[in-house]
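Here are my notes for someone opening this one for the first time. Have a look at the picture, then go through the points in order.

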Amino acid sequence: EAVERVFSGIQPTGIPHLGNYLGAIETWVRLQETQGSVLYSVVDLHSITVPQGPAALQQSILDMTAVLLACGIDPEKSILFQQSQVPEHTQLSWILTCLVRLPRLQHLHQWKAKTATQKHGGTAGLLTYPVLQAADILLYKSTHVPVGEDQVQHMELVQDLAQTFNKKYGEFFPVPKSILTPMKKVKSLRDPAAKMSKSDPDKLATVRITDSAEEIVQKFRKAVTDFTSEVTYEPAHRPGVSNLVAIHAAVTRIPVEEAVRCGAGMDTARYKLLVADAVIEKFAPIKREIEKLKMDRGHLEKVLQAGSAKAKELAQPVCQEVRKLVGF
Ligand code: ADP
Ligand code: NA
């Protein structure tokens, strides 16, 4: 049987936030200890689905690499690479694009949400980027993909595409499974109905790994809760304070019930500061490591080049076989 292979990606669009960290990166670090074959990609091709300046993009790719290394991604244990350096991603993506019907993509929540407010609609790239995601995963015959809840619908598309390809060209791709990360969804601090997101225009909604202690305190202080001052965990009825409890539990690695007990006898205003402190403490060593890594741009470039070479070695034979199956 085929090896178990884990694949996941993150866009180099700004510094990752608490949601990316708890919902993805922390799990990535854990998986590289327990799984034999693990690939993590800085998915720069995905990031140009929305406008990016070339200089800023180049910097963001290296910044993201520094963040991932600082969080504990170890290039000896996993293949850390830059998506665009492995051109097979776009080749497979095109082949898969020709296997998916337009309405299937137009019905995806993220496409609808991201284009709802755009006057001229999204780019074709924004529409088809879930197909590129499928190519990212299938190119390595990946079997497992750690993702947050926001990506579940896209994973269904990946599974459909693997099956469609197999039906048309013969059994070839494993149908990959999602690994839902324990912290499925970190909510926006300003709107607990929405997920915390890099692109949120409300700067207070998103806590980034490199935020200063003062910024973190300010953001938690301004976190939207409700009119009850008690600390409880009731995600359906009290999403704001429950998000704080979930964050507290996750960053200090305690069960939710214990986090609630820590908040007993406190009002939410005081509890917010306690959670802010826990987050500050969690990110402090990572922040120091990021600063150190960012001073050596050459090292970051080398890490990515070496990882991309390893990824290419895996991708090329798969892509070669795909071409043959398709008739090229
Ligand atoms: P964003 O949506 O903020 O731009 P990405 O699309 O680059 O972030 O997502 C990178 C990873 O982080 C994905 O695995 C995604 O599921 C996870 N993720 C993003 N936002 C959250 C969140 N608020 N809570 C949990 N996981 C998240
Ligand atoms: Na996302």
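1. Start where two helices touch: Leu 62, Thr 65, Ala 66 and Leu 69 of α3 meet Arg 297, Leu 300, Val 303 and Leu 304 of α13. Contact here needs C-beta atoms, placed from the backbone, within 7 Å. Those contact residues split into six nonpolar, one polar and one charged (nonpolar is Ala, Val, Leu, Ile, Met, Phe, Trp, Tyr, Cys and Pro; charged is Asp, Glu, Lys and Arg; the others, Gly among them, are polar).

2. This is a predicted model, where local features need pLDDT of at least 70 and side-chain atom pairs pLDDT 80 or more, while totals for chains, interfaces and linings use all residues. Residues are numbered from 1 along each chain as its sequence is written, with chains lettered from A and ligands numbered from 1 in the order in which they are written.

3. How do α3 (residues 54-71) and α13 (residues 297-326) cross? Their axes come within 10 Å and cross at roughly 80 degrees (axes are lines fitted to C-alpha atoms over the stretch in contact, with angles from 0 to 180 degrees between N-to-C directions). The pair is therefore roughly perpendicular, a label for 65 to 115 degrees.

4. Overall, the chain has 13 helices and five strands (DSSP runs numbered from the N terminus: H or I of at least four residues for helices, E of at least two for strands). The C-alpha trace spans about 70 × 45 × 45 Å along its principal axes.

5. The domain assignment, automatic or from a database, gives domain 1 (5-186 + 298-326) and domain 2 (210-291). Their C-alpha centres are separated by 30 Å. Nine residues from domain 1 and eight residues from domain 2 make the contact. On the domain 1 side, α1 and α3 are the elements giving two or more residues, and α3 gives the most, with four. By class, that side has nine nonpolar, no polar and no charged residues.

6. Finally, ligand 1 has 18 residues around it, and Gly 19, Gly 23, Ala 24, Gly 148 and Lys 198 come nearest (a residue counts if its C-beta atom, placed from the backbone, lies within 6 Å). Helix α1 (residues 18-34) supplies the largest share of this shell, four residues. The shell divides into six nonpolar, eight polar and four charged residues.

Methods. Parallel < 35°, antiparallel > 145°, perpendicular 65-115°, else oblique.
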